[in-house]
Amino acid sequence: MSAPLGKKLKAVKWGNFSISQVFNKVVQGRRLKKDDQLPGNIPFVMSGTTNTGVVGYISNPVATFPANSITVDIFGNAFYRGYQFGAGDDTGVYWNTEKNFSKETMLFFTIAINRSLHGKFSYGKKLRSSQSLDIKIKLPITNTGEIDYTFMETFIRELEEERIRELAAYLTASGLTDYHLTPPRN
C-alpha cells in the first residue's frame, strides 16, 4: 500500500461496532446437497475461498439473496456480492434494508469482517450467522463517534485508482501498449 493511503489509515480514528449495529439482515442460507443442484443461472455460494465460494450455477427454487450484500462462511471467510445469488447452509448473508450502502462501503465492511474473523473458525469450531451478531469489527469513525462512511468510500476509491495506475504502468513497461487503462474519475 502506498505511503499516502497508509498514512490515512494510521490517522483515522477507529471504533468497534457489532455486526448487528451495521446490518439489520443476517440470514443463514439453506441446505442444498450437491447431488440435488440443477444447472442454471443462479450463482450458488457455499463455504470456501475457491471462486469466492461460488460452487456452481443452479436453477433450483432457492431463496435468492440481494446484490450488494456480504457472505460469511462457517470458516469466517467474507466476500462482497454485487449480484443476486443463492447460498448454502454453511454461509450467512449480511445486508441492510434501511441503509443503501455504496459498493465501496460494503467492500470496506468485508475487509473489516475478514480481519476480525481471521483464524478464529475451523471445521471444529464453525461460525453460524446467528452467532455473529455480537462480533465486533473495527471501522473508521467521525469526531462524533459515528461510522465514517465518507472515509471508507474515498479510501476504497483511491485504493482502486492506485491499483489501476500500477497495472497500467506494468502493462506499458511490459510492452503491452494495446491496453488503455485509466483510473475512474469521480
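Which strands does helix 3 (residues 103-117) lie across? In this predicted model, helix 3 lies across strand 5, strand 6 and strand 8, and runs at about 170° to strand 6. Local features here need pLDDT of at least 70, side-chain atom pairs count only at pLDDT 80 or more, and totals for chains, interfaces and linings use all residues. Residues are numbered from 1 along each chain as its sequence is written, and side-chain values use heavy atoms, with hydrogens and water left out.

**A few terms first**

- Helices (H or I, at least four residues) and strands (E, at least two) are DSSP runs, numbered from the N terminus.
- Two strands pair if DSSP finds at least two bridges between them.
- Axes are lines fitted to C-alpha atoms, for helices over the stretch in contact, with angles from 0 to 180 degrees between N-to-C directions.

- Four strands make an open, antiparallel sheet in the order 2-8-5-6.
- Strand 2 (25-28) and strand 6 (78-81) are its edge strands, each pairing on one side only.
- Neighbouring strands of this sheet are turned by 25° against each other on average, direction ignored.
- Four bridges join strand 5 (residues 69-73) and strand 8 (residues 91-95) in the antiparallel sense, and Thr-71 has Val-93 of strand 8 as its bridge partner.

- Another open sheet has three strands in the order 4-3-7, with mixed pairing.
- Its edge strands are strand 4 (54-58) and strand 7 (86-87), each of which pairs on one side only.
- Strand 3 (residues 39-45) pairs with strand 7 in the parallel sense over two bridges; the partner of Val-45 in strand 7 is Ala-87.

**Helix 3 against helix 4**

- The axes of helix 3 and helix 4 (residues 149-173) come within 8 Å and cross at roughly 90°.
- The two helices are therefore roughly perpendicular to each other (65 to 115 degrees).
- Their contact (heavy atoms within 4.5 Å) includes Leu-107, Phe-108 and Ile-111 of helix 3 and Phe-151, Phe-155 and Arg-157 of helix 4.
- By class, this contact has nine nonpolar (Ala, Val, Leu, Ile, Met, Phe, Trp, Tyr, Cys and Pro), one polar (the others, Gly among them) and four charged residues (Asp, Glu, Lys and Arg).

**Along helix 4**

- At 1.5 Å a residue, the 25 residues of helix 4 should span 36 Å, which agrees with the 36 Å between its end C-alpha atoms; the expected span is 1.5 Å times one less than the number of residues.
- Among the buried residues of helix 4 are Met-152, Ile-156, Glu-161, Glu-162 and Leu-171 (under 20% relative accessible area, 1.4 Å probe, protein chains only).
- Gly-175, with a positive phi near 80°, follows helix 4.

Terms used: Angles under 35 degrees count as roughly parallel, over 145 as roughly antiparallel, 65 to 115 as roughly perpendicular and the rest as oblique. Buried means under 20% relative accessible area, exposed over 50%, partly exposed in between (1.4 Å probe, protein chains only).
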